[in-house]
Amino acid sequence: MSDTQEVDIIDQVVSQEYKYGFSTDIEMETAPMGLSEDIVRFISSKKNEPEWMLEWRLKAYRYWLTLEEPNWQNFDLKPINYQDIIYYAAPKEKIKLDSLDQVDPELLKTFEKLGISLSEQKRLSGVAVDAVFDSVSIATTFKDQLYEKGVIFCAISEALHEHPELVKKYIGSVVPYTDNYFSALNAAVFSDGSFVYIPKGVRCPMELSTYFRINAENTGQFERTLIIADDNSYVSYLEGCTAPMRDENQLHAAVVELIAMEKAEIKYSTVQNWYPGDKDGKGGIYNFVTKRGSCEGAHSKISWTQVETGSAITWKYPSCILKGDYSTGEFFSVAVTNNRQIADTGTKMIHIGKHTKSRIVSKGISAGKSHNSYRGLVKVNKRAENARNHTQCDSMLIGDRSGAHTFPYIEINNKTAQVEHEASTSKIGEDQIFYCNQRGIGTEEAVGLIVNGFCKEVLNQLPMEFAVEAQKLLAVSLEGSVG
Amino acid sequence: MLIENIKTAFTQYKDQAEVSGFSALREQAYHEFEKLGLPTTKNEEWKYTNLKVLANTNFESTCLSSGNVKAFLQNALLNKITANKLVFVNGTFNAELSEIIEKDNSIYITNLAKARSLHAEIFNQHFGKYANIENNALNSLNTALLSDGAFVYVPTNKTVEFPIFIVNIADSSDVNVLNQPRNLIIVEKSASVHLIEMYYSLGSNSVFTNVVNEIYANENSHVEHYKIQQQEGESYHNNFTQIFQEANTNVNHVTLTLDGTLVRNNLHFYLNGQNCNSLLYGLYMPHGNCLVDNHTRVDHAQPNCNSNELYKGIMMDKSVAVFNGKIMVHLDAQKTNAYQRNQNILLSDEATVNTKPQLEIFADDVKCTHGATIGQLDEEPMFYLRSRGIPEDVARKMLLNAFADDIAEKIKIPELVKLLEEEIEKKL
C-alpha cells in the first residue's frame, strides 16, 4: 500500500464524526456552579438523604480538600478547575414517576436516538435498563419482574430510602472515600447511580444495564454504582455511555463497587463511548473512574470487560481484590484511541486468599496522534498460597505518530505463586493485508477483520447485545485505518 | 549523617583543588546533589529500594586501606587469566597490583586521574557527556566526589588483544567507607575491546560504592562488557552505566550480581545510530536479607536497531529482587526490534520479587515484546530426574544450573563461567 493511500485512509478515520454528539433541549434544574460544603448539603437535601449519608459526604469532602490532584499518570493533564463545574443537574421533573408514560417525551426520544429502548414492550431485548441522564436516574425498566425474584435493581438514591441498611453496610466498603482524589470527590458529590442486590441462590434472569448520558453544559457526572451478589448468585451487568459534543472538557468521575459473596459471580461489562473531543483534541470527556470489586467469599468470581473507544482521556483501573479462597478475577479490555485521545488504563489484581486465580487480557489500539497505556498491578500476598496469574497485553499501532506504553507492576511475596506476563507491540502486517487482498477482500475490510481478530478474545466476553455494539464501534473508530 | 559526611568530603576537596573547568563541573554536580538529596521510595524509580539505612550511617570517603589486598587477590579470578589489570583500592589507583600487558602504545589503558592531564583533549571531549547528572542524585554525588577510575581509549581500527580487568576493592577494615569509582571507556571507529568490571570488599564495616561508567562506542565498534558484583558483607552498591552507541555497533553486556546487602544496577543504553545491536544479560542470586535491584533502560533513538534483554533471578531466604526494564522507542525509530524477558525462581517462602517490564513506544513499525515470569522449579523435570535415581538436592542443582546457563553461555571467558558455577554451587 502506498504512503498516500495510507494517509488518505488515516484522514478518513480522523474525520469520522461522533454520532452521539447531539444535545437535548430539556428544562434542567442545576445546582449553582462550583464546589463547597453548601453544594454537598444541597445535593444531599435534593435527594432527601438520611443524616448519616450527609455526614459521610461531608467527611469525604473535607478529606478531598486535603488532597492534591495526582500527577503520576503518563500524560499531561491541565489542572482542572473544580469551581467551574456544575455538580448537580437534573431534568426538571419533580413528581415521582410511576410509569414511563410520565417521562418527558423529549427524554424518551433522546434515549430512542441512542438506541436504548426504555419502553418495556420491547421485551425481546431482554435487558433491564437503568438510564442516568446527567445526574439523575430517569427510569429503571423491568423492575417489577426482577423484584419477584428478589433482585433489587434501582437508582442508588432510591435504595437509600428503601434499603438503607444495605447501602449503609456496603457503600464505601470496597472503594473508601480515602482511596484516591477522584473517589473522595465522587463520595462528596455523587448524585445518583445504580444499586443492585442479588439475593442468595438467585441467578439474575436478565442482563442488567445502566445507560449514562451527560447532557447539560459545564456539568460533571459523578455517579456511583454498587452491586452486591450474595452467596451462590449470578449477575451480568452492562454499562454504556455517551455525551454531546462540546468544546470544554467535561469531567466524569464515577465509582463502581462490586461485592461477590461465596460462590457468587459478577460480570461487569462496559462499552464506553463518551465524546472523545474533536480531531485537534478540543473538548471531550475526562473519564476518571474508580472501579473495584471484592471477592469476599470463597469460590467467588468477578469479571471486568471493557471496550473503551470514547473520552478525551480515559484513566481507570478496574480491579479485583481476591480475598476469598479459590476466588477468580478477570479483566478483559479493548482500548481504542484515535486523534489526540489518551487512555491510561489497566487493572489491579490483589491476591490475598489461597488458590486465587486472575487473568488479564488487554488489547490497546492507538491511531492518529493518540497514546494508549496499559498500567497494571499483580500482587501476591505472603499468605496467598498457589496464586496464579496470567497477563497478556498486546498493543497495535496505526500511523507513526501514535504511542503505546506498558507499565506492568508485578509484586510477588509467595514462592508458590505462578505469574506470567507477556506483552507485544506490532502493527498490522503488510503480508496480512496482502493475504486478504489476494482473496478479494478490500483493504478496509481486511483491517476490520484483523482488528476484530486482534480483539476477539475480549469481545467474546461481552454479552451478545453488547458484542454487536462493540464490534460496530470498533469498525466506526478504525474504519480502514491501516495500510 | 551520610549527607553530612558528603558535605565535609566536598568541602575538603574544594580546599585542596585548584580552580579548573573540572572543578566547576564538580561544584555544579554537588549543588544538584544537595538539591535532590538521596532518593526516597516516593520516587517512582526507587519505589522498592529504600536507601534510608545509608542515610543513617557514617561513612568516610577518603581513607587508606590497611587490609592485605595482595593476599586477598591471590586466589581471585584476576590472577587466573591473562588480562590488562587496573586495580583500585578504596578509590585510589594501585600501581603495584595493576599490570598493563597491551603493547600497542596508541591504546591508552590507565587511570582517570592520570588521563585527565595526559590525554586532556580526549578526556574533556567525553567525560560527563553521557551520564546525566540532572535529576540524578547519585550520579551527581559521584561526579562531585569521584576519586579515580579506569580510563580506556581504543583508537580507530585497533583491537585490545586481552580483556581489560577493572577491579575495585573496598577495604572497610577500619571504618565505613564510601567509594565513588568512575570509569570512562572510549572505543573509536571499528575498534574492539573486552571489559570486565569487578567489585570486591574487604573488612567488616559498611561499604557504600557508588559507581558511574561511561562507555562510548563509535561507529562499527564492538564492546563486550561484564560487570560482576562480589562485594560481601554490609555492602551497598549503586552502579550507573551509560552506554552510548553510534551506528553499526555491537555491545554485549552481562551483569552478574553474586553478593551484596543492597545492589542497584542502572544500565542505560542509548542507540544513536542505525543498525546497532545491544544485548543485555543479567543473573542475580540474592540470599539472606539482600536486595538486588536491576533497572535497565534502552533508548532506541534511531531506526533499524535490535536490542535483546534477558534477566534471570534465583531468590533465596528473605531476599528481595527488583527488576525494571524500560524500552523507549523514540519517534521515527522504525523497524526497531526490542525484546525483553525477566524470569524468576523463588526458592523460599519469604523471598519477594517486584518486576516491571515497561515499554514506551512512539513508532508504529516496530516489533517489541516483553515478558516476565515468576514461579518455582518445575515439578515435571524434577520428577523426571528423581525417577531416574537422582537425589532431590542434586536434581535441584542441575535444574538451577540449567536455569542459570542461559546467562552463563553468553560469557566468553571460560574462567568466569567456572567462577559462576562455583558460586551457584556454594549458594545452594
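1. The model is predicted. Local features here rest on residues with pLDDT of at least 70.

2. The contact between the chains. Chain A gives 31 residues to the contact, and chain B gives 32 residues. On the chain B side, strand E19 (352-361) and strand E20 (367-375) each supply at least two residues. E19(B) has the largest share of that side, with 10 residues.

3. Make-up of the chain B side. The side of chain B that touches chain A holds 13 nonpolar residues. Another 11 are polar, and 8 are charged.

4. For a place to look, find A:Ile412, which stands opposite B:Val353 in E19(B).

5. A helix pair in chain A. Helix H9 (residues 430-438) and helix H10 (residues 443-459) of chain A have axes that come within 9 Å. The axes cross at roughly 125°, which means that H9(A) is oblique to H10(A). Their crossing is right-handed.

6. Residues between the helices. H9(A) makes the contact through A:Gln432, A:Ile433, A:Cys436 and A:Asn437. H10(A) contributes A:Thr443, A:Ala446, A:Leu449 and A:Ile450. What classes are the residues of this contact of H9(A) with H10(A)? They divide into 5 nonpolar and 3 polar, with no charged residues.

How values were computed: Residues numbered from 1 in each chain as written. Chains lettered and ligands numbered in written order. Predicted model: local features only at pLDDT ≥ 70, side-chain atom pairs only at ≥ 80, totals over all residues. Contact = placed C-beta atoms within 7 Å. Helix = DSSP H or I, 4+ residues; strand = E, 2+ residues; numbered from the N terminus. Nonpolar A, V, L, I, M, F, W, Y, C, P; charged D, E, K, R; others polar. Pairing = 2+ DSSP bridges. Axes fitted to C-alpha atoms, helices over the stretch in contact; angles between N-to-C directions. Parallel < 35°, antiparallel > 145°, perpendicular 65-115°, else oblique. Left-handed = near helix turned anticlockwise from the far one by under 90°.
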